[in-house]
Amino acid sequence: MNKPLIDLLPSDKGPLRDDPARSYTLPARFYTDPEIFAAEKENVFYRNWWCVGHKSHFAEKGQYRTVDVVDESLFVVRDRKGELKAFYNICQHRGHQLLSGEGKTQSIVCPYHAWAYDLNGDLRSARNTDEMVDFEKCDFALKPVKVEEFAGFVFVNLDDDATSMADQAKGLEEEIRKYCPRIDELVFAQRDTYEVACNWKVLVDNFLECYHCDPAHKDFVDLVDMDTYRTITHSCFSSQIAGAPRSTNSKAFSFEKGDVDFGYAGWFLFPNLSIWIYPGETNISTLQIIPTGPETTIEYQDWYALSDQPSQQLKDAMAYQKDVLQPEDISLCLSVQKGLKSKGYNQGRFVIDKGLTELSEHAVHHFQKFIADALDANLEKAE
């Protein structure tokens, strides 16, 4: 039998059990150890679906967008037949990156030696190779990556054997479309960027529970009817939904009711994507939590609306997120990261109540079990 990739240590208090009410949290080293971070690259990020952006980024043939899946550079493009294609963003001559940012092109030309590729990845021309022996253009096509459109967004996966998003996340698209029925009409409105000196999982853990909301997010609690706020775990995702707000004029921001009457709708899709819908004008945003090292993370929050010039009420919601809610969360996560490095802490317990109310941390447990399973970690002691 193969030895687990990561094992419990004598210093660990207790196991990460299947039952969240009896489980300890991940040991602190999972948030600081470079070897665990390296294992996450291969076993978490390179084997799961990664959001590239909304379908509107690829509305026309030739439109492309680049994306870094941790250390791997990729791009997605809509080819001449109107199909989405994804490739490693690497020229097959000497390894130079081909594209940057996003835009529209008729062909993909390497800026190093001008090897040119068609939008389907085929090598179209390579300067000074016509008389080379045993050189065939078909041997140097770009390396493809799995790509899918799901719930109005485009995803890539480096794992050639990965099952589809629709099969992995059954029910998620229906939920998202319920709270944003016009999702296919949206366009990009704004990107907000946050660089945070903590492990990426600290940020995910924080998103997945509202136990901290009352003491830390006074304006959010005023916006959302917390009595109706519930988090439900599913296969590879969890949902956080609140019913109709008590008021349309909260301390967070004011709004007029939109297509759907609700206070807040959010989802987390393993491993690192959170999806937000605020009440009011039709909107959706993705907050992608991207590790840049064992203890550093960059977050991209991309906002989508019915126009690239959103209304004032949506601008107010965006400003609240950027200027109030995110700084509150980041401050909490920075403090947690310091605590995880202290000799005075290693593991805690999940706070779980029978009603799985807004105070329950069962979704954090759900995520941490996914991490342990992905890393083949043996974190359960014999009873």
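Which backbone oxygen does the side chain of glutamine 347 reach at 3.0 Å? The side chain reaches the backbone oxygen of glycine 14.

This is a predicted model: local features need pLDDT of at least 70, side-chain atom pairs count only at pLDDT 80 or more, and totals for chains, interfaces and linings use all residues. Residues are numbered from 1 along each chain as its sequence is written, and side-chain values use heavy atoms, with hydrogens and water left out.

**View 1. Glutamine 347 in its loop.** Glutamine 347 sits in the loop between α7 (312-340) and α8 (362-374). Helices (H or I, at least four residues) and strands (E, at least two) are DSSP runs, numbered from the N terminus. The residue is buried, at 3% relative accessible area. Buried means under 20%, exposed over 50%, and partly exposed in between (1.4 Å probe, protein chains only). A polar atom of its side chain also lies 2.8 Å from the backbone oxygen of threonine 25. Beyond its neighbours within four places in sequence, glutamine 347 is in contact (heavy atoms within 4.5 Å) with residues including Asp12, Lys13, Tyr24 and Pro27.

**View 2. A sheet of three strands.** The order is β7-β8-β9, in an open sheet with antiparallel pairing. β7 (108-109) and β9 (123-125) stand at the edges, each with a single partner strand, so one side of each has no neighbour in the sheet. Two strands pair if DSSP finds at least two bridges between them. β7 and β8 (residues 116-117) pair over two bridges. Look for isoleucine 108, which stands opposite tyrosine 117 in β8.

**View 3. Two phenylalanine rings.** Rings of Phe, Tyr and Trp (its six-membered ring) pair if their centres lie within 6.5 Å; planes under 30 degrees apart count as stacked, over 60 as edge-to-face and the rest as tilted. The count by this rule is 27 aromatic pairs. In one of them, phenylalanine 270 and phenylalanine 370 have ring centres 4.8 Å apart and planes at 25°, so the pair is stacked. Phenylalanine 270 lies in the loop between β15 (264-269) and β16 (273-277), phenylalanine 370 in helix α8, 100 residues apart. Phenylalanine 270 is buried at 6% relative accessibility. Phenylalanine 370 is partly exposed at 25%.

**View 4. Arginines over tyrosine rings.** A charge sits over a ring if NZ of Lys or CZ of Arg is within 6 Å of the ring centre and within 35 degrees of the ring normal. The charged end of arginine 191 sits over the ring of tyrosine 300, 4.1 Å from its centre. Arginine 349 has its charged end over the ring of tyrosine 24, 5.4 Å from the centre.

Definitions and conventions
Polar contact = N/O pair within 3.5 Å; in protein donor to acceptor, adjacent residues only side chain to side chain.
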